[in-house]
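This report goes through selected parts of one protein model. Please keep the sequence and the structure at hand while reading.

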Amino acid sequence: MAGSSLVDDYDLYINGAWVAPDSGRYDVIDPATEAVIASAPDAGTAQVDQAIGAARTAFDTGPWPTATPEERSRCLQQLSDALLAHGDEIYALAQAEWGCTANERLIHVEGPAVMAGHAAELALEPAEAPMDAWGAAGTTLLRYEPLGVVAVMTPWNFPHTLNVMKVGAALAAGNTLVLKPSPLTPLAGLALARIIKEETDIPPGVVNVVTPTGLEASKILTLDPRVDMVSFTGSSSVGRDVMAAAAGTMKRVLLECGGKSACVLLDDVEVTDELLERLLFEGCTLHAGQACILNSRLVVPAVLHDEVVTRLADLARAVTIGNPADDGVDMGPLISRPHLERVEGFVRRAESDGAKVVTGGGRPVNRSSGFYFEPTVLTDTSADSYIAQEEVFGPVLTVLSYRGDDEAVAIANNSAYGLGGAVWGTDVDRAVGIARRIRTGQVSINGTIPGDAPFGGFKQSGIGREGGVMGLRSYMEPKAIGVPA
């Protein structure tokens, strides 16, 4: 495989073998050029059923669940090493399939390799230990066991990163799985299957990858009683559907859904160019705004509002938009034409509701092909407005003004979501106090991103956590065993 392109025509990956699709093939489009780069295999209901069966057999009778922690760790380290070795091929795939730019390579390419290595470490976490138990006559052993078959369902915005994160944690816990990537980015999942097949000792049937376009074929993963857990990342609306379908058999669910996170500038902050560049990237231009963790609401003290907006707009106009394969590009395309039209519709509605487009607001005039949208800064809108409440998933930053810390917190919490957020200020203790009051799963202070910490959200941003030991335990069931003295 060394040096070969991962942008390829694949078959489905079931039970350790490539299987021709029973429902034809569909085109995979480069969002930067609108060119067809490959074809992907469409799976019907029978082949999704086959993949579930392979994962079920691999869990019930195969060697993976009963393997030693050291053996599972070794296989995951093989995966980590292979992902790192194939970084350039993965980057070429990321550029072509989902529009990854050079300034995002670490997130999309090297980051997942590190995640797989971390999963190898997590596989060695002790699964059983005595616990302090009130009123127990003997010893209570707390044991964590793999759930069984996990249906992993991933979106198109960070497909390789999320595929590796979920697959790594599920495997470290001893599960088997069926991975269903988004039909907009199927190659990411199939390329991962290829690396697993060719460069690791993970047994057949442990990882299966199917890429259906049909809703019925996808829904089987949430309905089939042979599936024990659904791990889903995507929109909150689809997350609710997944949760409802999984309820029929009481599957465990791990849902990482939407966000409308707020970044709060305190009135003592030093507004440097470096700060504004970071606010624009983390709130607007990171992966063309297609990130659930984006701080897409900027909450600014009234005294700083006009200065911040003016300088941010100047920076936004200087962003170079283009094909990620070209040098010097800061921001790439949106994923598809329907999504481009959706983002455009959000901005038009905001304008009709009275918002002011300070800069951007449309498609670049110098781009005849590709799904591009300008970095957009909006003002003159309320915290209750549609644009300040709904997740745009595009390069659109809404700036909101406040007076006093209590109002800043109220604006930040005025959302159905609760995924991320940020606070910037000179007085760190004050900033931490604000962070404690914001109802979200994670908050950064002055750019300090939480380390190896549980990741997930409050409210409609999801259920459960990923990352670290808590994330590992999300893919396991606790069992208490009472042992006589």
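## Basis

The model is predicted. Residue numbers count from 1 along each chain as its sequence is written.

## Helix H2 and its two partners

Two packed helices are described by the angle between their axes and the distance between the axes. Helix H2 covers residues 69–85 and packs against helix H6, residues 186–199, at an angle of about 120 degrees, with the axes 10 Å apart. H2 is therefore oblique to H6. The crossing of H2 past H6 is right-handed. On the H2 side the contact is made by Gln78, Leu79, Ala82 and Leu83, and on the H6 side by Leu192, Ile195, Ile196 and Glu199.

H2 also packs against H4, where the axes come within 8 Å and cross at roughly 170 degrees. An angle over 145 degrees counts as roughly antiparallel, so H2 is roughly antiparallel to H4. In this case the crossing is left-handed. H2 contributes Ser73, Leu76, Gln77, Leu79, Ser80, Leu83 and Leu84 to the contact, while H4 contributes Glu110, Pro112, Ala113, Ala116, Gly117, Ala119, Ala120 and Glu121.

## Leu122 in helix H4

Helix H4 spans residues 105–122, and Leu122 is found in it. Is Leu122 buried or exposed? Its relative accessible area is 10%, and under 20% counts as buried, so Leu122 is buried.

Leaving aside residues up to four places away in sequence, Leu122 touches Ala172, Gly468, Val469 and Leu472. Leu122 and Leu171 lie 49 residues apart along the chain, and their C-alpha atoms are separated by 9.9 Å.

Strand E10, residues 229–233, is mostly covered, with 5 of its 5 residues buried. Met229, Ser231 and Thr233 point one way from the strand, Val230 and Phe232 point the other way, and all are buried.

Strands of a sheet pair through backbone hydrogen bonds, either parallel or antiparallel. Between E10 and E11 the chain passes through helix H8, residues 236–246, in a right-handed β-α-β crossover.

## Helix H8

Which residues of H8 are buried? They include Ser236, Gly239, Val242, Ala245 and Ala246. The buried residues of H8 pack against E10 and E11, and also against helix H7 (215–223) and strand E17 (417–418).

## The three-stranded sheet

An open sheet of 3 strands has the order E5-E6-E22, with antiparallel pairing. Strand E5 (128–131) and strand E22 (476–483) stand at the edges with a single partner strand each, so one side of each is left without a neighbour in the sheet. From one strand to the next the twist averages 30 degrees.

Strand E6, residues 139–146, pairs with E22 in the antiparallel sense over 8 bridges. The bridge partner of Pro146 in E22 is Met476.

## The seven-stranded sheet

Another open sheet holds 7 strands in the order E14-E15-E16-E13-E12-E18-E19, and its pairing is mixed. Strand E14 (356–359) and strand E19 (444–445) are the edge strands, each pairing on one side only. Strand E12, residues 262–265, and strand E13, residues 297–301, run parallel and are joined by 3 bridges. Cys263 has Leu298 of E13 as its bridge partner.

Helix H9, residues 273–285, lies across E12, E13, strand E15 (376–379), strand E16 (396–402) and strand E18 (421–424), and runs at about 120 degrees to E16. Helix H10, residues 302–317, lies across E12, E13, E14, E15 and E16, and runs at about 140 degrees to E13.

Definitions and conventions. Predicted model: local features only at pLDDT ≥ 70, side-chain atom pairs only at ≥ 80, totals over all residues. Heavy atoms only, no water. Helix = DSSP H or I, 4+ residues; strand = E, 2+ residues; numbered from the N terminus. Buried < 20%, exposed > 50% of the residue type's maximum accessible area, 1.4 Å probe, protein only. Contact = heavy atoms within 4.5 Å. Right-handed = clockwise from strand over helix to strand, strands pointing away. Axes fitted to C-alpha atoms, helices over the stretch in contact; angles between N-to-C directions. Parallel < 35°, antiparallel > 145°, perpendicular 65-115°, else oblique. Left-handed = near helix turned anticlockwise from the far one by under 90°. Pairing = 2+ DSSP bridges.
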